[in-house]
Amino acid sequence: MTDTTATARPRRSSRRSGWKSLLRDVVVIVVVAVLVSFLIKTFVARSFYIPSGSMENTLQINDRIIVNELQPKVFPLERGDVVVFKDPGGWLPPAPPATGNAFQQGVGAVLDFVGLGASDSDQHLVKRLIGLPGDTISCCNALGQMSVNGVPLKEPYVLLPAGTQAVSGKPFTVTVPDDSVWVMGDNRYNSADSRYHMDDPGKGFVPLSDVVGKAFVISWPASHWIWLDDYPDVFRGVERED
């Protein structure tokens, strides 16, 4: 009779060692993937959903957008950019209490951590950047147009009520201070933007430090997928002569 005990034991040991090695590799891959996702979310790109109609028809309620966080951290913003920013103070109501059970909240927190969730979207705002530091913005001229540094704008992205010509129901003239921007929603008669916070301590201006980044694509739903246009032709010629 042949004794197989000596050969069986090393084989089982080898199998256990193989599973341990595989498990270790999977853990390392998951940790690296989470770390990379966190770094991308923190420094490069982040997802947000649209909770209101203030940017219609450019953005629809419940659209999801991807935001380039390198602007303005590394690259400058431009007039016409669609930007996401933190509440400068008093633009939004207090955050609602968290809902769902502990497990759901935990999963949501993990997804937010790695940049796959967007639970804080309703504590950020999305508008179109109209004025950079030093710009003078006024509305409206005899044709109902807004002007930047004295140059009237033809804004194809603006949604107006039927029969309305003026691109703002609220007349104004402002000069943007240093390190701030002036923002407005594309749905001009349904957007509580810079115009409607002129009596706030910040005078309606958004500090550049509050800008999370520039939205550059609608990522969901698939039927809405499109690169977001910053309409450089609209703002051509408005540059100030210092």
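Strands E1 and E4 (124-131) each supply at least two residues of the lining of the second largest pocket. E4 gives the largest share of that lining, with four residues. The model behind this picture is predicted.

The second largest pocket has a volume of about 280 Å³. Its lining counts 20 residues, and those closest to the pocket centre are Pro51, Ser52, Leu92, His124 and Leu125. Sorted by class, the lining holds 11 nonpolar residues, seven polar ones and two charged ones. Empty space shows up when a probe the size of a water molecule is rolled over the atoms.

Pro51 and Ser52 lead on to another residue. Ile61 touches both of them, along with Ile50, Gly53 and Glu56, leaving aside residues up to four places away in sequence. Ile61 sits in the loop between strand E1 (45-49) and strand E2 (64-68). Pro51 and Ile61 are 10 residues apart in sequence, yet their C-alpha atoms are 5.4 Å apart in space. Is Ile61 buried, partly exposed or exposed? Its relative accessibility is 44%, so Ile61 counts as partly exposed; the buried class ends under 20% and the exposed class starts over 50%.

Now step back to the whole protein. It has three helices and 12 strands. Of its 242 residues, 36% count as buried. The protein exposes about 13,900 Å², and carbon and sulfur atoms supply 60% of that area. Consider the contacts with a separation of 6 or more: residues 24 or more positions apart account for 73% of them.

How values were computed
Residues are numbered from 1 along each chain as its sequence is written. This is a predicted model: local features need pLDDT of at least 70, side-chain atom pairs count only at pLDDT 80 or more; totals for chains, interfaces and linings use all residues. Side-chain values use heavy atoms; hydrogens and water are left out. Buried means under 20% relative accessible area, exposed over 50%, partly exposed in between (1.4 Å probe, protein chains only). Contact means heavy atoms within 4.5 Å. Accessible areas come from the Shrake-Rupley method with a 1.4 Å probe; for residues, only the protein chains shown count as cover. On a 1 Å grid over the protein atoms alone, a cavity is a set of points where a 1.4 Å probe fits but cannot get out, and a pocket is an open set with protein on both sides within 12 Å along at least five of seven lines; lining residues have an atom within 4 Å of a point. Grid points are joined across faces, edges and corners, and a volume is the space filled by probe spheres set on the points. Ala, Val, Leu, Ile, Met, Phe, Trp, Tyr, Cys and Pro count as nonpolar, Asp, Glu, Lys and Arg as charged, and the others, Gly among them, as polar.
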